[in-house]
Amino acid sequence: MIKPEPKDMNYRISLKRRIAFVLLSMVTVLSACQPKPQEKPLNLSKIEKLIHSGEIKKAGAIGDSIKNSQELSPGQIHQLDSLLEIGRRIRIDFRLNEQDIETRLSKYFQKLDTTTINGWERSGKLEMRIIDGQKRYFGNAVSNLFRLDDEARKWKEKVDGVQVDSLDLFCLQHTAKVISETKSFGQTTSPVTMKLNYTIEVKPNVVPNGEIIRCWMPFPRQGNARQKNINLLKSDPEKAMGAPESKLQHSVYLEKKAQKDQPTTFQIEFEVETSAQYFDLTPDMIKPYDTSSPVYKENTEERAPQVVFTPQIRQLATRILQGETNSLLKVQKIYNWINDSVRWASALEYSTFENIPAYVLKTHHGDCGMQTLLFMTLARSQGIPVKWQSGWMLHPREVNLHDWCEVYYEGVGWVPLDQSFGLQISTDEKIRNFYRSGIDAYRLIVNDDYSRKLSPEKKFLRSEPYDFQRGELEWEGGNLYFDQWSWHMDVEYK
């Protein structure tokens, strides 16, 4: 997904198959709109091929022609629109042209030859696709280039100077404090109370006057020891419906009518107390897994399309582990390999991918969620129970979306792990390895899984079919994608 550029420094596969997954994954949510069994499915292979080859305008024209020349059922219209929406999202991701790239690079390179640019493109460090006959670049392609190419970064540093990451320094101090305050195994420490104000603003006239906009906003889950005293203080509109705590992707639901020429604003204000947690684990603490338990079975299984034990995944895991049998040491080896082999980079929208771990292994870069999904897939393939966790990172001056996970150890329980925060620069081994078995206090837990139903269920294709951090919106005319609204989080530390 095009997440905003997070500030932590740690912090395509066949399009036809991507499209097939997006349609398949929404079957239950959109069952009312799907073609009835007796309906003949549309043959959209030509449109799929055109989008796959980057001819998105032509694909759209053929789609419009089908709508104008055939009587389509609601399900068939949804099938066609969902296919064309993938192409639209790709064009939004790749929104820069060659002149845009040259302008952004000219600040750092007085002379830049075509050979160098082509080399960056071939390596994937300057992410580009041919769309409608033109080179189009990912919106964050240049900032990613400086993250992924050491020589390019040196040129940037000559102009901007060497940047010290304030988040790294903050986390070093904070995690040292957490370790020192942890007096009993796995206790929660260093509590922080925050008041959060989250706002979503829908652009004027994207929904007709008087039509109801349905809005799902992220809201913290109860039940985790690291997160308590959750209170919704107010909302706009006032009538808000909180999701049941059983919902693993947790939300507050609101409705409001659109007004002509006016933005539509949704807002929630709430308080929460969050804490850190650290487990000083050693291999001898870890018991053999009860492989018949529901926790083990559910959290070691494949879950297409993201957690798939492909031959590439199995072979890589075997190479990383080199015969290791202890579960803790397996986790540490996988974590260290990703830390050393995969760089953090801003990501394309997740809805345009078929299999994110495969993309990360191909490019050797990915954002927090991509690195987490790769870790989960490698670990689960080796019989290590892992579950997704995500929401927001709320460090002072570093508020942003974030994904991490939890690992289950027999005899210990669930232990947090943050892959993208990585190994810290410290000579103290506990501080260096903190995020392999610990988490800082500045986390808002919204999700304990990915790709789960919202409450009430959404009618249309989600903007983000996996994660849920920014929110989701729709009206009777369809989904409202991220280009049609904005979001903002304000945090007051008490």
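**Close-up views of a predicted model**

**Figure 1. Charged side chains over aromatic rings.** Arg 303 places its charged end over the ring of Tyr 450, at 4.1 Å from the ring centre. The model shown here and in the following views is predicted.

Figure 2. Most residues other than glycine have a negative phi, and most peptide bonds are trans. Pro 305 belongs to the loop between α10 (294-299) and α11.

**Figure 3. Positive phi at His 364 and Arg 397****.** His 364, a residue other than glycine, has a positive phi near 60 degrees. His 364 is located in the loop between α13 (356-363) and β10 (365-366), and its relative accessible area of 39% makes it partly exposed. Arg 397, also not a glycine, has a positive phi of about 65 degrees. The loop between β11 (386-395) and β12 (398-409) contains Arg 397, which counts as exposed at 69% relative accessibility.

**Figure 4. Packing of helices α11 and α12****.** The axes of α11 (residues 311-321) and α12 (residues 327-341) come within 9 Å and cross at roughly 105 degrees; the two helices are therefore roughly perpendicular to each other. From α11, Leu 316, Ile 320 and Leu 321 meet Lys 330, Lys 333, Ile 334 and Trp 337 of α12. This contact of α11 with α12 comprises five nonpolar, two charged and no polar residues.

**Figure 5. Packing of helices α7 and α8****.** Helix α7 (residues 141-148) packs on α8 at an angle of about 105 degrees, with the axes 6 Å apart. Helices α7 and α8 are therefore roughly perpendicular to each other. Leu 145, Phe 146, Arg 147 and Leu 148 in α7 meet Asp 150, Ala 152, Arg 153 and Lys 156 in α8. By class, the contact of α7 with α8 has four nonpolar and four charged residues, and no polar ones.

Figure 6. The structure holds 20 aromatic pairs. In one of them, the ring centres of Phe 109 and Trp 155 are 5.8 Å apart and the planes lie at 45 degrees, so the pair is tilted. This pair links distant parts of the chain, 46 residues apart: Phe 109 is in the loop between α5 (98-106) and α6 (114-123), and Trp 155 is in helix α8 (residues 150-160). Phe 109 is buried at 9% relative accessible area, whereas Trp 155, at 40%, is partly exposed. Tyr 289 and Tyr 296 form a tilted pair with 5.4 Å between centres and 45 degrees between planes. Tyr 289 is buried at 15% relative accessibility, and Tyr 296 is buried at 14%. Tyr 278, Phe 421, Phe 434 and Tyr 435 form one aromatic cluster.

**Figure 7. Surroundings of Asn 205****.** Asn 205 lies in the loop between β3 (188-202) and β4 (212-218) and is partly exposed, at 46% relative accessibility. Beyond its neighbours within four places in sequence, Asn 205 is in contact with Lys 260 and Asp 261. The C-alpha atoms of Asn 205 and Ala 258 are separated by 7.8 Å, although the two residues are 53 residues apart along the chain.

Note on methods. Residues are numbered from 1 along each chain as its sequence is written. This is a predicted model: local features need pLDDT of at least 70, side-chain atom pairs count only at pLDDT 80 or more; totals for chains, interfaces and linings use all residues. Side-chain values use heavy atoms; hydrogens and water are left out. Axes are lines fitted to C-alpha atoms, for helices over the stretch in contact, and angles run from 0 to 180 degrees between N-to-C directions. Helices (H or I, at least four residues) and strands (E, at least two) are DSSP runs, numbered from the N terminus. Angles under 35 degrees count as roughly parallel, over 145 as roughly antiparallel, 65 to 115 as roughly perpendicular and the rest as oblique. Contact means heavy atoms within 4.5 Å. Ala, Val, Leu, Ile, Met, Phe, Trp, Tyr, Cys and Pro count as nonpolar, Asp, Glu, Lys and Arg as charged, and the others, Gly among them, as polar. Rings of Phe, Tyr and Trp (its six-membered ring) pair if their centres lie within 6.5 Å; planes under 30 degrees apart count as stacked, over 60 as edge-to-face and the rest as tilted. Buried means under 20% relative accessible area, exposed over 50%, partly exposed in between (1.4 Å probe, protein chains only). A charge sits over a ring if NZ of Lys or CZ of Arg is within 6 Å of the ring centre and within 35 degrees of the ring normal.
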